[in-house]
Amino acid sequence: MRKVSRLSRFNIASLALGLAFLYLPILILVIYSFNASRLVTVWGGWSLRWYHEFFADRAMIEASWMSLRVAVSSATIATLLGTLAAVALARGERFRGRTLFSGMLYAPLVMPEVITGLSLLLLFVALNAERGFWTVTIAHTTLTMCFVAVVVQSRLGSLDRSLEEAAMDLGCAPVRAFLLVTLPLIAPAIVAGWMLAFTLSLDDLVIASFTTGPGSATLPIRIYSEVRLGVKPEINAICTLVIALIAVVIVIASLASKLSSSQGESAAPL
């Protein structure tokens, strides 16, 4: 029998220090979002004052709504295109131009965001496109599609293709076999890719600053413009709400992944 190794004090201390390094600043930000004082570094008691200030700030609300719309739209489009690209790379091992296609698909992973944003800006100027919601959405789709493709392709690479082949041997059409057998099995990876694309879009500042236009500033751009003049306690409240939103998205994505995986396992023997 294998002996179960216990955590040493050094491992526990290292784990505690690592978690504190990652999450202690976030915890401090959340606590100070309830600070009644106008000074960020001075504690003045518990209060919801700055949350009221945020919901009364029309410019911040519009920027938040803009970021949510862009994040949901770009994540959905990126998930669709990234999944199709992953299927093409995983199932089309011998088609011509595969190396070029994969290189172009994964280029945004290593490309500096400044170069990506500037190139997209030049493209929109050449096309005489009015910069706004759709230009930011297209830019974020370009950025996040490669991340979705990586996640989904890794899942397809570890998938047993004999399940899909067995469905086709039993008379199922290739498209129907993919929808009924393969898609439920890779659904957790698709959900994870959508969640990753959503958070990346919600967080982006550099590319959005190149491709946005008047009246279509996203929340990171608005926060950056406010922070340059000094950190206000309202910023802490906004960041706390964003953290809560990301936590809700993670919980929903985890539940959806578990549900999809259970459905896929029940459908696999068929």
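Helix α3 (residues 58-91) and α10 have axes that come within 7 Å and cross at roughly 145 degrees; such axes are lines fitted to C-alpha atoms, for helices over the stretch in contact, with angles running from 0 to 180 degrees between N-to-C directions. On the α3 side, A59, M60, A63, S64 and S67 meet L219, P220, R222 and E226 of α10, where contact means heavy atoms within 4.5 Å.

A word on the source: this is a predicted model, in which local features need pLDDT of at least 70 and side-chain atom pairs count only at pLDDT 80 or more, while totals for chains, interfaces and linings use all residues. Residues are numbered from 1 along each chain as its sequence is written, and side-chain values use heavy atoms, leaving out hydrogens and water.

The chain has 11 helices and 0 strands; helices (H or I, at least four residues) and strands (E, at least two) are DSSP runs, numbered from the N terminus. Its C-alpha trace spans about 70 × 65 × 30 Å along the principal axes.

Now to a second pair. The axes of α6 (residues 133-157) and α8 come within 8 Å and cross at roughly 150 degrees. That makes α6 roughly antiparallel to α8 (angles over 145 degrees count as such). Residues of α6 in this contact include H140, F147 and R155, and those of α8 include T182, G193 and S201.

The largest pocket holds about 270 Å³ of space. A pocket is an open set of points on a 1 Å grid over the protein atoms alone, where a 1.4 Å probe fits, with protein on both sides within 12 Å along at least five of seven lines; lining residues have an atom within 4 Å of a point. Of its 13 lining residues, L202, D203, P220, I223 and V242 are the closest to the centre. Helices α8 (174-203), α10 (219-227) and α11 (233-267) each give two or more residues to this lining.

Here are the residue classes, with Ala, Val, Leu, Ile, Met, Phe, Trp, Tyr, Cys and Pro as nonpolar, Asp, Glu, Lys and Arg as charged, and the others, Gly among them, as polar.

| Site | Residues by class |
|---|---|
| α3 with α10 | 5 nonpolar, 2 polar, 2 charged |
| α6 with α8 | 13 nonpolar, 5 polar, 1 charged |
| Largest pocket lining | 10 nonpolar, 2 polar, 1 charged |

Conventions: Points joined across faces, edges and corners; volume = space filled by probe spheres on them. Parallel < 35°, antiparallel > 145°, perpendicular 65-115°, else oblique.
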